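Colleague: I have a structure open and would like to go through it with you. Could you take my questions as they come?

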Amino acid sequence: KLSPNVILVCGGRTKGLDYKVFAEKIRDKVKHTVVIKSELTAPLVKLLPEDSYSEASDLKEGINSAFQKAKMGDKIVVSPAAAFFYTDFIKGKKSIKRLVEELSELQRDPETSSG
């Protein structure tokens, strides 16, 4: 559920759809949006206030960015928001679970992280 304590990580291919209603929903209901560079980036960021979003080059960077923005009590939601999210950002790459585990390991012991 979208709420003021949610940091949304999203991306994907628009397939020609209009994202105006989606942008209105997240603009009013989430703390921050991290847009993974994809076909969705250009149309979505045009509809969001400049201080309400950031861009990430890939899912790992997006999750890391969301984690850095998060404060105690915030929730990070990774959501496709557009087509081919799994194919473009997850398939053949590290899972969301593994990316979060690595982030957790880094927080526990920054000296052992390989970055």
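Colleague: What does the accessible surface of the chain come to?
Modeller: The accessible surface is about 7,200 Å², and 53% of that area belongs to carbon and sulfur atoms. Areas are from the Shrake-Rupley method with a 1.4 Å probe, and for residues only the protein chains shown count as cover.

Colleague: Before we go on, where do the numbers come from?
Modeller: This is a predicted model, in which local features need pLDDT of at least 70 and side-chain atom pairs count only at pLDDT 80 or more, while totals for chains, interfaces and linings use all residues. Residues are numbered from 1 along each chain as its sequence is written, and side-chain values use heavy atoms, with hydrogens and water left out.

Colleague: How many helices and strands does the chain have?
Modeller: There are five helices and four strands, in the order β-α-β-α-β-α-β-α-α along the sequence. These are DSSP runs numbered from the N terminus: helices are H or I with at least four residues, strands E with at least two.

Colleague: Which residues of the largest nonpolar core touch the most other members?
Modeller: Those are Cys10, Ile26, Leu40, Leu44 and Leu48, in a core of 14 residues. A nonpolar core is a set of buried Ala, Val, Leu, Ile, Met, Phe, Trp, Tyr and Cys residues joined through side-chain atoms within 4.5 Å. Buried means under 20% relative accessible area, exposed over 50%, and partly exposed in between (1.4 Å probe, protein chains only).

Colleague: Which element supplies the largest share of this core?
Modeller: Strand β1 does, with three residues. A second, separate core has 13 residues, among them Val34 and Phe89.

Colleague: Turning to Thr14: where does it lie?
Modeller: Thr14 lies in the loop between β1 (6-11) and α1 (20-29), and it counts as buried because its relative accessibility is 9%. Its side chain makes a polar contact of 2.7 Å with the side chain of Glu39. A polar contact is a pair of N or O atoms within 3.5 Å; within protein, one must be able to donate a hydrogen and the other to accept it, and residues adjacent in sequence count only if both atoms are side-chain atoms.

Colleague: What about Ser57, buried or partly exposed?
Modeller: Ser57 is partly exposed, at 44% relative accessible area, and sits in the loop between β3 and α3. Its side chain is joined to that of Glu61 by a polar contact of 2.6 Å. Leaving aside residues up to four places away in sequence, Ser57 touches Ile36 and Lys37, where contact means heavy atoms within 4.5 Å.

Colleague: Then α3 itself: which of its residues are buried?
Modeller: In α3 (residues 59-69) they are Leu59, Gly62, Ile63, Ser65 and Ala66. Seen down the axis of α3, these fall within an arc of 160 degrees, so they line one face of the helix. The arc is that of the directions from the helix axis to the C-beta atoms.

Colleague: Finally, where is Asp51 found?
Modeller: Asp51 is in the loop between α2 and β3 (53-56), and it counts as exposed at 68% relative accessibility.
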